[in-house]
Amino acid sequence: MAAELEFERPIHELEKKIAELKSFMDEKDIDLTDEIKRLEEKLSNLENSTYSEMKPWDRVQIARHAERPTTLDYINYLFTDFIELHGDRLFGDDEAIVGGVAFYKELPITIIGHQRGKDTKENLRRNFGMPHPEGYRKALRLMKQAEKFNRPIFCFIDTKGAYPGKAAEERGQSEAIARNLVEMAGLTVPVICVVIGEGGSGGALALGVGNYVHMLENSTYSVISPEGAAAILWKDASMAKKAAESMKITAPDLKELGIIDEIIEEVKGGAHKDAKHQAELIDQVLEDSLHSLLSMSKEELINQRYEKYKKIGQFGFVNDSIVVK
Amino acid sequence: MIKGLFVKKKKYATIPTGKVKQDVPEGIMSKCPECKHIMVTKELRKNLLVCQGCQYHYPMSSQERIAALIDEGTFTEYDADMISGNPLEFPDYVEKLEGDRKKTKINEAVVTGAGQIDGRDVTLAVMDSRFRMGSMGSVVGEKITRAIEHAIDKETPFIIFTASGGARMQEGVLSLMQMAKTSVALNRLSDKGLLFISIMTHPTTGGVSASFASVGDYNFAEPKALIGFAGRRIIEQTIRQELPDDFQTAEFLLKHGQLDRVIHRSEMKKTLSTLVKIHTEGRV
Ligand SMILES: [Zn+2]
């Protein structure tokens, strides 16, 4: 049973009420069909309005949902013959990032993604999906391998961010992230990135320099967590809900800011309600993206990436009244 | 031109205290915030803002940095009039920018341009921690990217002095994306076989540390500069232990293999000049 999210509570209450009426009707042999029908219509309307007008904070809750499908879930649905590969060849294997080779519809590909755990035990093993430098370096190693063998690369982004630890700093967290950004820019194979959950800051971006960057409808992408932003802006982490709105971190926000390419529709109520169906929705977008990139030359791929990122930002000039985008 | 960038300092005696450590000394006399050594400000400036008592490196403004490095009269600034918008419509952001513009006499947290070091052409970017803590928003990203493009066009080395608290919060994820934007440009620079030197000065943290600052062909730093990705307090909270005093200092990074050298300010121009020479005259 999925954990209840705050904004879904009215739906769950109504569902409970309908269930009660139904069992009451069976027990007492009273005809409540009309009343039940009326409530079911109300439920349907409530679901539609709730899920079509989701607030940024609601989406944050869905993006963080313990049962939200992870990279490995999607790998299972989207690819065949997946072989996971481990280690950065320098220090160790960071299980907060998984990667390997597989087929995507008969095409050999490399897949890399952040990996959260679904329970405490797995989360400890995977450090809650927060990578150390060796994670980024493993990712880069697999990307360079993909480039050597001319395989397209898929990156699934799902992390609260890089792990803020002593060892991570000692081993060059900054350099590891920075190196990935520069190297991804120059990859001669198609790179398609999908934010499937939380896209937290530099730790997310380190798998995020692609020809296409898509976001699931209820995923987030931000420079700092809403809690972190609230702590800095209002010295109060409990203002996270407000920060989630003002920081513009949802898929529609990023689309509007000209940062991402496509918003991938989610199943009603969030990807966790039906992971298999969600994978199908992702599949359609991946296929289209890949199709348009496969016809491009190595040089075109690099130039397309250059132009894509070069465009991002908003600024003006002292004597302008208009801010150019 | 650089000359227009200089400001006449007000002439009344104020003695900087530890609290205003970020500020460049303004009075006739200056007391070192580290060792309390008192120096005549004029002498201190002649000494490139380095304390004679303890070698403490005062923060340098972008104007002072350029003057200390670039041959006199050779600097041409790029994009000096580029300014930030307020893409997230953050309250007070526009006012804060305006305040920093007045205070620093520059329009954003980085100054870029072309100049010469001992007669050799370089393209330069100098961040300025007085402006919004040197944080990187759209303008910083764009100006650095354009500077790299100039370096590519003119086939010059690209040299950057970083000084930044990281991404600029008020521009949200747009500021995060400047890390990617500058990186695609650096990739192209590298692809052309051009030289990139990064000199990290106090402080170089967050998104700036995790992008261009750390991927020079040569990574240097000034002594004692704070350099790191995550903030010290956040790390201490996460791992529940106190960190050593030298954690995230230039010397700490050197020890952990993250830097080529720590360079004293008095040796900076000479070292850069020699490297540029090695890369221009030494090419086969
Ligand atoms: Zn001193």
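In the predicted model, B:Asp79 and B:Arg146 form a salt bridge, with the closest N and O atoms 3.0 Å apart; a salt bridge is taken as a side-chain nitrogen of Lys or Arg within 4 Å of a carboxyl oxygen of Asp or Glu. This pair links distant parts of the chain, 67 residues apart: B:Asp79 is in the loop between β3 (76-78) and β4 (82-84) of chain B, and B:Arg146 is in helix α4 (residues 138-154) of chain B. Helices (H or I, at least four residues) and strands (E, at least two) are DSSP runs, numbered from the N terminus. B:Asp79 counts as buried, at 18% relative accessibility, whereas B:Arg146 is partly exposed, at 23%. Buried means under 20% relative accessible area, exposed over 50% and partly exposed in between (1.4 Å probe, protein chains only).

Residues are numbered from 1 along each chain as its sequence is written, and chains are lettered from A and ligands numbered from 1 in the order in which they are written. Because the model is predicted, local features need pLDDT of at least 70 and side-chain atom pairs count only at pLDDT 80 or more, while totals for chains, interfaces and linings use all residues; side-chain values use heavy atoms, with hydrogens and water left out.

A further salt bridge in chain B joins the side chains of B:Arg132 and B:Asp100 (2.8 Å, N to O). B:Arg132 lies in the loop between β6 (120-127) and α4 of chain B and B:Asp100 in helix α3 of chain B, so the pair ties together parts that are 32 residues apart in sequence. B:Arg132 is partly exposed at 22% relative accessibility, and B:Asp100 is buried at 7%. Salt bridges that share partners join A:Lys310, B:Asp79, B:Glu142, B:Arg146, B:Glu149 and B:Lys181 into one network. Helix α3 of chain B, which holds B:Asp100, spans residues 93-104. Apart from neighbours within four places in sequence, B:Asp100 is in contact (heavy atoms within 4.5 Å) with B:Lys105, B:Ile106, B:Arg130, B:Phe131 and B:Arg132.

Over all chains the structure holds 42 salt bridges. In chain A, one of them joins the side chains of A:Lys105 and A:Glu287 at 2.6 Å, N to O. The two residues are 182 residues apart, with A:Lys105 in the loop between β2 (97-104) and β3 (107-114) of chain A and A:Glu287 in helix α13 (residues 275-294) of chain A. Both ends are partly exposed, A:Lys105 at 39% relative accessibility and A:Glu287 at 40%.

Between chain A and chain B there are two salt bridges, including that of A:Lys310 with B:Glu149 (3.1 Å, N to O). At this interface, 49 residues of chain A are in contact with 52 residues of chain B. The two chains bury about 4600 Å² between them, 70% of it on carbon and sulfur atoms; buried area is the accessible area (1.4 Å probe) that two parts lose on being put together, summed over both. On the chain A side, A:Lys166, A:Glu169 and A:Tyr306 lose the most area to chain B, together 15% of what that side buries. B:Ser209, in helix α6 (residues 206-209) of chain B, is buried at 0% relative accessibility. Its contacts beyond four places in sequence include A:Ser174 of the other chain, along with B:Thr204 and B:Phe229.

Chain B also holds a zinc site. The zinc ion is coordinated by the SG atoms of B:Cys32, B:Cys35, B:Cys51 and B:Cys54, at 2.3 to 2.4 Å. Donors are N, O and S atoms within 2.8 Å of the metal (3.2 Å for Na, K and Ca), and water is not among the atoms, so sites may look incomplete. The site is tetrahedral, with angles of 103 to 120 degrees among its four donor atoms; four donors count as tetrahedral if all angles lie between 85 and 135 degrees. B:Cys32 lies in the loop between β1 (29-31) and β2 (38-40) of chain B and B:Cys51 in the loop between α1 (41-46) and α2 (62-69) of chain B, so the pair ties together parts that are 19 residues apart in sequence. Both B:Cys32 and B:Cys51 are buried.

In chain A, seven of the eight residues of helix α3 (residues 56-63) are buried. The cover over these buried residues includes β5 (191-200), β7 (220-222), α10 (226-234), α11 (240-246) and α12 (251-256) of chain A. A:Thr220, in strand β7 of chain A, is buried at 6% relative accessible area, and A:Val60 and A:Ala63 are among the residues touched by A:Thr220.

Terms used:
Four donors count as tetrahedral if all angles lie between 85 and 135 degrees; four count as square planar and six as octahedral if opposite donors are over 155 degrees apart and all others between 65 and 115; anything else is irregular.
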